[in-house]
Amino acid sequence: MSPALPSHTRIVIIGGGVVGCSIAYHLAKIGITDVVLLERKQLTSGTTWHAAGLVGQLRATRNLTNLAKYSTELYARLEAETGQATGFKQNGSISLATTTERMEEWRRSASMARVFGLEVEEISPAEAQALFPLINVDDVVGAVFLPKDGQINPSDLTQALAKGARQAGIKIFENTKVVEITQREGRVTGLRTDKGDITCETIVNCAGMWGRAVGAMAGVDVPLHACEHFYVVTEPMDGAATTLPVLRDQDNYAYYKEDAGKILLGAFEPTAKPWGMDGIPEDFCFDELPPDLDHFMPVLERAIKRMPALETTGIRTWFCGPESFTPDDLYHLGEALNLKGFYVACGFNSIGVQSAGGVGHVMADWIRDGRPPLDLWDVDIRRTMPFQSNRTYLRDRVSEGLGLLYAEHWPFRQFETARGIRKSPLYDRLADAGACFGEVAGWERANWFAPAGIDPVYEYSYGRQNWFEYSAAEHRAVRENVGLFDLTSFAKFMVQGPDAVMVLNQISGNNMDVAPGRAVYTQWLNERGGIEADLTVTRLSETEFLVVTAAATQTRDFYYLKDHIGDARATITDVTGAYTVLAVMGPQSRALLATLTDADLSNDAHPYGFSQEIDIGYARIRATRLSYVGELGWELYIPSDMAQHIYDTVAQAGLAFDLKQAGYHALNSLRVEKAYRHWGHDIGDEDTPLEAGLGFAVAWEKPGGFIGRDALLRQRESGVRKRLLQFCLADDSKLIYHNEPIWRDGAIAGHITSGMFGHTLGAAIGLGYVETKPGDELLQSDYEIEVAGIRVKAAASLRPLYDPSGARLRV
């Protein structure tokens with residue numbers, strides 16, 4: 001007789017795939033065993049059972065790579081620990097390149113792998129063939145080999161994790177369907193199943209492709225959608241040795257692995273087939289989808305050229321099964337913003353098996369501590385927007401997302417599907433001016449402007465892309481004259497109430513208790529002194545503040561502030577759509593605006609950091625003197641219904657000043673030259689203001705203190721262990737973007753967090769942390785930045801290389 005479902009437990013995990021079982025296993029490892037795992041059918045059913053079982057380690061960031069590295073370490077010992085075979089073997093993996101552009105990507109990836117402590121080798125076509133003799137390499141220009149990558153049997157792995165969890169006392173119930181999630185006052189209270197009710201403190205949504213539906217039960221948006229994933233398994237093949245590494249041939253959309261003397265050939269084709277638009281059948285379990293030979297045949301035809309033996313070897317299995325994908329090809333982890341105690345771990349975009357070990361480890365710590373154990377912003381559920389759970393949006397977006405896994409990962413690559421969702425009121429005017437739009441958090445944003453007669457379309461490469469010179473002209477206009485940016489995508493919150501200043505001061509490193517009309521640059525901090533947000537706050541009155549932050553962190557920052565209001569007499573309102581933002585930037589910005597308003601914009605009357613309402617044209621707007629480009633300038637906050645009028649007025653007056661439209665690529669190159677930090681790249685919740693060189697924005701002695709002050713005081717006393725530096729490459733032909741290794745005196749000491757070509761300084765400029773210790777003379781070392789395997793000399797600085805005194809901001 002099956003054990004009875006308990007009426008209460010501390011934690012309930014929904015979903016018995018590899019991720020759910022890994023979280024259960026890791027909760028047990030940290031001593032939390034009052035846990036129930038519920039599976040609607042049987043363990044591994046849904047997606048895990050038919051996963052290919054590839055175990056790669058290199059991901060896009062250090063922390064995601066560390067998660068994958070941990071997975072391989074866990075899988076290597078799991079069989080011995082649990083007695084359950086997993087089929088894990090580390091034969092390595094090969095990634096082929098058939099173009100010089102792809103080889104550039106692999107070389108950059110290899111450089112990144114070295115930063116992250118992975119073993120990686122660049123190998124020749126002949127060496128690739130020696131490792132995988134079945135392949136034809138006539139069109140191959142090179143490859144990389146990661147010897148510690150491998151493969152595993154996903155079902156056996158899941159059973160091993162489940163066995164380890166059970167041995168520690170965790171209860172697992174199969175054939176138990178969750179039908180409702182209960183909550184009270186914004187917190188989980190339990191759930192109802194077809195076998196009975198359970199009260200609990202925490203629920204973890206590991207429901208895979210059902211994750212969106214489970215989230216909807218709780219009123220939580222979990223944007224993911226299933227796509228059909230195709231692979232074939234051959235009959236036994238001569239040469240399919242058990243020692244073969246995994247082979248990836250991204251230029252031909254394919255991966256290969258040995259499977260019991262056979263070859264499994266899988267595909268990530270350019271245009272995928274979404275599945276389950278009308279819901280997933282109730283009885284779906286170990287089901288397959290109908291094979292689509294016409295859809296798969298182009299991949300197979302290419303594969304026969306790569307592996308000629310396929311032409312004469314029979315196909316034993318034509319497989320098609322669903323896997324869940326997210327809008328940005330990154331999975332979802334963490335606690336829901338709008339429901340305490342509801343955690344998410346799903347949407348793994350075909351990398352669930354290789355990620356599961358690390359995900360289980362960090363999620364167990366996250367659940368125990370109530371905060372992420374390390375910076376996981378790339379996959380944090382707080383990055384998502386509500387519209388991204390729209391079923392039509394998801395269907396269209398994931399049709400592209402699956403293929404992008406194997407497409408070239410070009411710098412600045414933009415999604416092409418599910419676009420045009422959020423637009424500034426100025427969108428049409430910018431389009432008429434030649435804007436090429438990129439997308440962030442659904443916003444269409446002008447990244448660069450094409451001259452008349454040039455199509456505003458990206459031509460991607462790792463070198464100077466087609467927009468390079470156009471953006472350079474925008475950059476120079478801002479440095480030397482005046483430029484106009486549309487920054488409407490800024491997230492904007494109105495904080496109001498008698499306790500508003502107290503609430504803001506509690507989470508802000510800087511002092512918010514300033515006179516009305518002052519704008520303050522600050523970081524919001526956590527208890528460890530880490531930077532949760534990087535933004536500006538303008539005091540409008542004694543009880544009213546305008547918070548302005550990045551588009552990408554709109555939901556995260558809103559809820560971070562909301563969660564700290566508590567019982568205080570303060571409210572927060574998202575007014576992002578209510579205001580359009582135009583930034584008039586450059587040495588001639590004051591002269592231009594002076595022709596449009598009778599307000600005194602002189603340095604005495606309107607100094608840096610000052611904000612006031614002014615009249616322009618027929619409208620009244622707010623002009624705030626701030627700059628993210630390092631030049632004199634104003635941000636104009638305009639009621640959105642008046643935005644077109646103000647834009648037309650400024651643009652018309654700008655004709656006399658040769659005003660130039662400028663996009664986000666120019667904004668980025670300008671800010672990198674000035675060493676302005678970008679949250680999510682240069683700073684995050686693991687970085688402190690002292691490490692980031694932002695100590696000037698910490699009001700150490702403000703009344704009442706602030707969250708993180710004690711941690712920062714300890715760090716100030718003991719000294720930092722890393723420090724953000726700015727670098728200028730000596731070779732102006734090399735470009736850097738992020739994650740390039742920083743070499744200090746012949747050893748890797750850090751990596752680039754963001755980089756861009758500095759058109760004023762005349763070379764690629766980057767920011768990056770370097771390991772240090774008290775008394776260390778950072779600037780007395782020799783530095784090099786590794787670019788695609790080549791080390792390039794670089795000058796390093798603790799102060800901005802452009803206008804280090806900041807004089808140009810304050811003229």
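## Strand β1 and its partners

In this predicted model, I13 has V204 as its bridge partner in β12. Strand β12 covers residues 202-205 and runs parallel to β1, to which 4 bridges join it. I13 also stands opposite L37, a residue of β2. Strand β2, residues 35-38, pairs with β1 over 4 bridges, again in the parallel sense. Between β1 and β2 the chain passes through helix α1 (residues 18-29), and this β-α-β crossover is right-handed.

Strand β1 itself consists of residues 11-14. The side chains of I11 and I13 point one way from the strand, while V12 and I14 point the other way. Are these residues buried or exposed? I11, V12, I13 and I14 are all buried.

V12 lies in strand β1. Its relative accessibility is 0%, and the cut-off for a buried residue is under 20%, so V12 counts as buried.

Which residues does V12 touch, apart from its neighbours within four places in sequence? The contacts are V36, L38, L191, I198, C200, T202, I203 and V204. Of these contacts, V36 and L38 fall within the residue range of β2, and T202, I203 and V204 fall within that of β12. V204 is also the bridge partner of I13 in β12. M209 is 197 residues from V12 in sequence, and the C-alpha atoms of the two residues are 18 Å apart in space.

## Helix α3

Helix α3 runs over residues 100-115 and has 16 residues. At 1.5 Å a residue the helix should span 22 Å; the C-alpha atoms at its ends are 23 Å apart, so the two values agree.

Which residues of α3 are buried? They are R102, M103, E105, W106, R108, S109, A110, S111, M112, A113 and V115. The list includes the charged residues R102, E105 and R108. Just after the helix, G117 adopts a positive phi of about 80 degrees.

## The β21-β23-β22 sheet

An open sheet is formed by 3 strands in the order β21-β23-β22, and its pairing is mixed. Its edge strands are β21 (422-423) and β22 (435-440), each of which pairs on one side only.

Strands of a sheet pair through backbone hydrogen bonds, either parallel or antiparallel. How many bridges link β21 to β23? Strand β21 pairs with β23, residues 443-449, over 2 bridges in the parallel sense. Within this part of the sheet, K423 stands opposite E444 of β23.

How values were computed: Residues are numbered from 1 along each chain as its sequence is written. This is a predicted model: local features need pLDDT of at least 70, side-chain atom pairs count only at pLDDT 80 or more; totals for chains, interfaces and linings use all residues. Side-chain values use heavy atoms; hydrogens and water are left out. Buried means under 20% relative accessible area, exposed over 50%, partly exposed in between (1.4 Å probe, protein chains only). Two strands pair if DSSP finds at least two bridges between them. A crossover is right-handed if, with the strands pointing away from the viewer, the path from the first strand over the helix to the second runs clockwise. The expected span of a helix is 1.5 Å times one less than its number of residues. Contact means heavy atoms within 4.5 Å.
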